[in-house]
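User: I would like to learn how to read helix packing and strand pairing. Please take me through one model.

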Amino acid sequence: MPVSRKKKVNREVEELAAGADAKQAVLGSLTALYPWMSPYHSRPIRDYAFRVFEAPPSRSVPEIRFRAFTKLLDIIRKAATRNGLSTDTASEICRDFERRRVLQTGPHLFLLMEPEAYYTHIFSLLGLSAHGCSTYVSYAVSTVNLVEKPRKGPGWLTVDGKPVNVFGLSRSRMIGYSLLAGPGPYRFELLPTEPSTGGDALTLLRSLLPKAQFERPAHAIKAANLILWPKMFGGRFAFLQIDDEDVADLVADHLSDENSWLRVRLLEDPKFASNILAGLDGLASGLWSGWLARGTDFFWFYENGKRRPLRLIAGELIDPATGMKVACFTAPDILERLANRSLVPNLLLMFLVLSILPGVRALGGSYQPIYYPLMRYVVCRALEAAGLDEDLRQALAIDDVPGAWGHRVIECDDDPLELFLNGRNGGLSDLIDRLGDISFAEACGSMTGFVTDPSWHELHRRLRQGLVTPADAEWAFS
């Protein structure tokens, strides 16, 4: 073999070994922080899916949790009805969710054939089917931009390995613009960036996707997914997808109730909100830094199609870029802004009303297994500092697997759009059975979302050097 060729082969082998080493390092870090995961690495992926969708143990819950869960069920029921599901189906979804109390929170609001979303839904169905369930609730993050990376994000779709512009928007109308804001209208154009891209696939998609115009990109994608779900996943599971507009309504429901925990603690207690923000700042300057940033204070501000951060200063939400007062940190002001969607809850507030308060297990992606326990820690420390709600703090301390890795657990090379086009996704049960038999270590592939992330490399280093440990106070609520 020529020397140059031999060097190239050796380099490729080294890169593969480095990739395998990186994956093992990530799995080692995950196992150190979540010891219960270790036995599943050599078992079929369905066993892991079964575990994370297993209902938490039945026990008495604090009144705070009961009321928060009741409000969550009400929002789920309303969302199901709004999405055209029958009253009986909505009731069945609520019954199943009340028994299981597990929510897939990983995917952003993508069209269902986006691999990142598709295989996460397959993983969820794998776990739910193992428990004999027939309904599925998924939360899709929609406080994101149309473009998250170059030609990647909800505004783009890959067909035949090439990018397709979902809404046919110019670059200036995509960069920096959010799924939850205008200016509209939006319609599905599916414009390929290269000629002769995915002819049959695009023709089929254009025939299925809604022809209507939409005020916001999020509305278009949600409407499309209602049509696509039975086509791509069949009728075995009743599917409900909620997003940040539903969370905004849920927060509004809390804040409209004068006796609700969220209103009394967040808006009316003079110290709780500031304790939360101080806790976030403390994490940012400590050894667990890099995972839970203070992007905005409780709410995002939406204006002219863009999402902007806010700072809570002296009882007012201020746009730091302009110094403009956006809203008073009071129920009437915030409720008005939630209704017109100029304020949308941030990730911390979302997890508070969807998971932390109601006691719902949250399944997420490569960042969530770290930042979610840290959120729980910040909330508990803020309560402890004020001497509040000991019963809630105790409940949080004994939660059974309150959060877990559940998004992009399955990495698969098969293009969902091609499976759909060729009719090979018609047997959902067969696909679930086939993927479910694969071992955990094989199903998660190269764990791209982890091994390409410098934050995970840094976390591995800190764990290896003992700078952070599972015994740290910050990890007490994992």
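Analyst: Start with the terms: axes are lines fitted to C-alpha atoms, for helices over the stretch in contact, and angles run from 0 to 180 degrees between N-to-C directions. Helices (H or I, at least four residues) and strands (E, at least two) are DSSP runs, numbered from the N terminus. This is a predicted model; local features need pLDDT of at least 70, side-chain atom pairs pLDDT 80 or more, while totals for chains, interfaces and linings use all residues. Residues are numbered from 1 along each chain, and side-chain values use heavy atoms, without hydrogens and water.

User: At what angle do helix 8 and helix 9 pack?

Analyst: Two packed helices are described by the angle and the distance between their axes. Here helix 8 (residues 244-256) meets helix 9 (residues 261-268) at about 85°, with axes 6 Å apart. They are therefore roughly perpendicular (65 to 115 degrees; under 35 is roughly parallel, over 145 roughly antiparallel, the rest oblique). Contact (heavy atoms within 4.5 Å) involves Val251, His254, Leu255 and Ser256 of helix 8 and Leu262, Arg263 and Leu267 of helix 9.

User: How do helix 8 and helix 11 pack?

Analyst: The angle between helix 8 and helix 11 (residues 331-339) is about 155°, with axes 10 Å apart. That makes the two roughly antiparallel.

User: Which strands form the open sheet?

Analyst: Strands of a sheet pair through backbone hydrogen bonds, parallel or antiparallel. Pairing requires at least two DSSP bridges between two strands. Here 3 strands, ordered 8-7-12, pair antiparallel. Strands 8 (306-308) and 12 (343-345) are the edges, each with a single partner strand, so one side of each lacks a neighbour in the sheet. The twist averages 35° from one strand to the next.
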